[in-house]
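Below is a briefing on a structure, grouped by topic. The sequence and the model come first, then the points to check against them.

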Amino acid sequence: MSSIAPSVLGSVPDVRGRYGPYGGRYVPETLVAPLEELDRVYAEASADPRFHAELDMLLHDFAGRPTPLQFAEHLTEHLGGARIYIKREDLLHTGAHKINNCLGQGLLAVRMGKKRVIAETGAGQHGVATATVAARLGLACTVYMGTEDMDRQRLNVNRMRLLGTEVIGVESGSRTLKDAINEAMRDWVTNVRTSHYLLGSVLGAHPYPQIVRDFHKVIGEEAREQILGKENRLPDWLFACVGGGSNAIGLFNAFLADATVKMLGVEAGGRGHTLGEHAVRLTAAGGFTGARPGVLQGTYSYVLQTGDGQIATTHSISAGLDYPAVGPEHAWLSDIGRAEYTAVSDEDAINAAKTLARVEGIIPALESAHAVAELIRRAPKMKKDELVIVNLSGRGDKDMETLSRYV
Amino acid sequence: MSKTAAPQAQDPIAVGRIARKFRELSARGELGLVAYVTAGDPSLDATEQIVLTAAESGADVIELGVPFSDPVADGPTIQRASDRALRAGTTPASVIDLIRSLRGRTQVPLVLFSYFNPILQMGLQKFADAASASGADGVLATDLTPEEASDYRAAMRARDLDTIFLAAPTSPDERLAKIAGSSSGFLYLISRTGVTGTRDALPEDLPALARRVRRFTKLPVAVGFGISRPEHVSVLGGIADAAVVGSAIVDEIEKSVSAKEAALNVGSLIRSLKDAARSGISRRGL
């Protein structure tokens, strides 16, 4: 169904935050007025050249944009198929794409007169980026993180604390990202008059999926210009990992109207197909069970859940993909067939990280390694003149404890 | 938005058990007591005993919480209760079965109190049919606002179930009008920004908030979040039509070693709260 008109693709979300049937705003009443305020302030900021000038300055001087689009000469040779380009979001300040959104929302928080930001984090990359931006903009910062994730991403916990952020461990549920979001929402509903919830993915109630997408679309805009400069044509494929889906949306967005550009989102296949062993929400093939449309943490999208609507636990070796729901725009892109979604196991992600390190001299975050793993699977079968861009959303420093077990 | 009169006063549903109960309370000039219990905590049998005792002890309306894995609007007390109920195997269908069983033994108004996803997964129509057939009187979904609730409201109203929506201190006037227009039975006013849980004192701005809400509705207004003690209830008579007490009741259940003890302790808490409601500031002056 990729015959859908570009004008339709450009129009999501609608005024109620809907991407087709997905999205919306399912929150306790206390949060509706703050979300409406955020929507209003974001619209004002979007139309304000000074806001863009300040954000562009911070992205350039503080975060390090633009990031390179690197021709992966050795990986291309190694796989013997498509020509592979790597979008180097791992080179950004703090080590992942997350800072694009944090700078944007940080400026919105200042514009709203909020003195404090709250965030959740899974892999710790969004937490570190939020802590960094809070320090830069002079905001107080509290980050919620599941204790399971604190164990596996200890380096990032220490980075946040060094930056002056209060990191609060969350012991409820599966002690991962979903539970951290619950606690962040509880903090926000309590301190809503003084604090901004700096949500870290294309998830949550409207307008978050839209705002987070818009602050990340610079990834795809740069990549589009860079590939046209280097190859004088558009890519055939885009590859990106999908937890909530922010780096993938950021890359995909600029190419949605280009019907020849195929898009592939890679989910976490974990260690098995049964509910609880994976974080696969959109991959129709492959026998992963438990995903149905439902409402979690403010938005209507595909959610891993039981028949009674209780949210399932998930597993992934990468904390950033270990989440039971997916951004509503991905749910819609999947339904209309504009993007394809697939899954990669823990083991394949580890092997991909090792391959990329040895062949190309880049240690990827385990999240991004999922996209690389799918690329390793598919590139050899592609023609030599096919062009691929893979989004390397983050670097692997934070994962060294996990990776060192496999060296 | 102007101070529009509340159209729901003429709503045909407004003759259900909930409306009748609030009319009785109003005639007596008495503050109502709405008691919340998480269904299935620690078992559905225990909940049945607790609800019956609560009704006998003076609870005017009972909210039965449908446990959900991710209760973002709730504090630690109700989170733990939800966990216990889920571990005991409680499902939305089994909570509706409990209502059927209760309805054979009490006429106390019963409200299903849930997050939206469990209702959505059962199917709006199926949920409404089953809840109505069991003898439930109303439904409240904590994370559902009027804007996202048109299908839900249509399904519930078609089965004569009251739809109770929440108003918050952060709700501007135009939202209060919308919330009032979407609600039936009563309107649930959140007393403060925050999650559920016991607190020491009522917020200072609560009287002003309640007055603001009343400009938009003729429905009874029940105030909840942080209402836990007789002294809270005794002053609410001048402000609201009912007090909602949840976490304080769930605390008693958590502390008890058996269903029987839980029922006894909840019963004595409800009596002390209801005594405060009867002897506190009267509703007649309002």
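**B:Ser57 and its surroundings**

The side chains of B:Ser57 and B:Arg271 are joined by a polar contact of 3.3 Å. A polar contact is a pair of N or O atoms within 3.5 Å; within protein, one must be able to donate a hydrogen and the other to accept it, and residues adjacent in sequence count only if both atoms are side-chain atoms. This is a predicted model, in which local features need pLDDT of at least 70 and side-chain atom pairs count only at pLDDT 80 or more, while totals for chains, interfaces and linings use all residues; side-chain values use heavy atoms, with hydrogens and water left out. Residues are numbered from 1 along each chain as its sequence is written, and chains are lettered from A and ligands numbered from 1 in the order in which they are written.

- B:Ser57 sits in the loop between helix 2 and strand 2 (61–65) of chain B; helices (H or I, at least four residues) and strands (E, at least two) are DSSP runs, numbered from the N terminus.
- The relative accessible area of B:Ser57 is 8%, so B:Ser57 is buried (buried is under 20% relative accessible area, exposed over 50%, partly exposed in between, with a 1.4 Å probe and protein chains only).
- Leaving aside residues up to four places away in sequence, B:Ser57 touches B:Gly267, B:Ile270, B:Arg271 and B:Lys274, where contact means heavy atoms within 4.5 Å.

**Interface of chain B and chain A**

- In contact across the interface are 36 residues of chain B and 35 residues of chain A.
- The two chains, B and A, bury about 2,800 Å² between them, with 49% of it on carbon and sulfur atoms; buried area is the accessible area (1.4 Å probe) that two parts lose on being put together, summed over both.
- Between chain B and chain A there are 24 residue pairs in polar contact, both residues at pLDDT 80 or more.
- On the side of chain B that touches chain A, helix 3 (76–87), helix 5 (116–122), strand 6 (166–167) and helix 8 (173–182) of chain B each supply at least two residues.
- Helix 5 of chain B gives the most to that side, with five residues.
- By class, that side of chain B has 19 nonpolar, 11 polar and six charged residues (Ala, Val, Leu, Ile, Met, Phe, Trp, Tyr, Cys and Pro count as nonpolar, Asp, Glu, Lys and Arg as charged, and the others, Gly among them, as polar).

**Salt bridges**

- The structure holds 51 salt bridges over all chains, and the count between chain B and chain A is five; a salt bridge is a side-chain nitrogen of Lys or Arg within 4 Å of a carboxyl oxygen of Asp or Glu.
- A:Glu29 and B:Arg175 form a salt bridge, with the closest N and O atoms 2.7 Å apart.
- B:Arg175 also forms a salt bridge with B:Glu147, with the closest N and O atoms 2.2 Å apart.
- This pair links distant parts of the chain, 28 residues apart: B:Glu147 is in the loop between strand 4 (138–141) and helix 7 (150–158) of chain B, and B:Arg175 is in helix 8 of chain B.
- B:Arg175 is buried, at a relative accessible area of 2%, and B:Glu147 is partly exposed, at 24%.
- A network of salt bridges links A:Glu29, A:Glu36, B:Glu147, B:Arg175 and B:Lys178.
- In chain A, the side chains of A:Glu374 and A:Arg378 meet in a salt bridge (2.7 Å, N to O); both residues lie in helix 15 (residues 366–378), four residues apart, about one turn of the helix.

**Backbone features**

- The peptide bond joining A:His206 and A:Pro207 is cis, with omega about 10 degrees, and A:Pro207 is in the loop between strand 8 (195–197) and helix 10 of chain A.
- A:Thr94 has a positive phi near 80 degrees although not a glycine, and A:Thr94 is buried at a relative accessible area of 6%.
- B:Phe225, also not a glycine, has a positive phi of about 85 degrees and is buried, with a relative accessible area of 6%.
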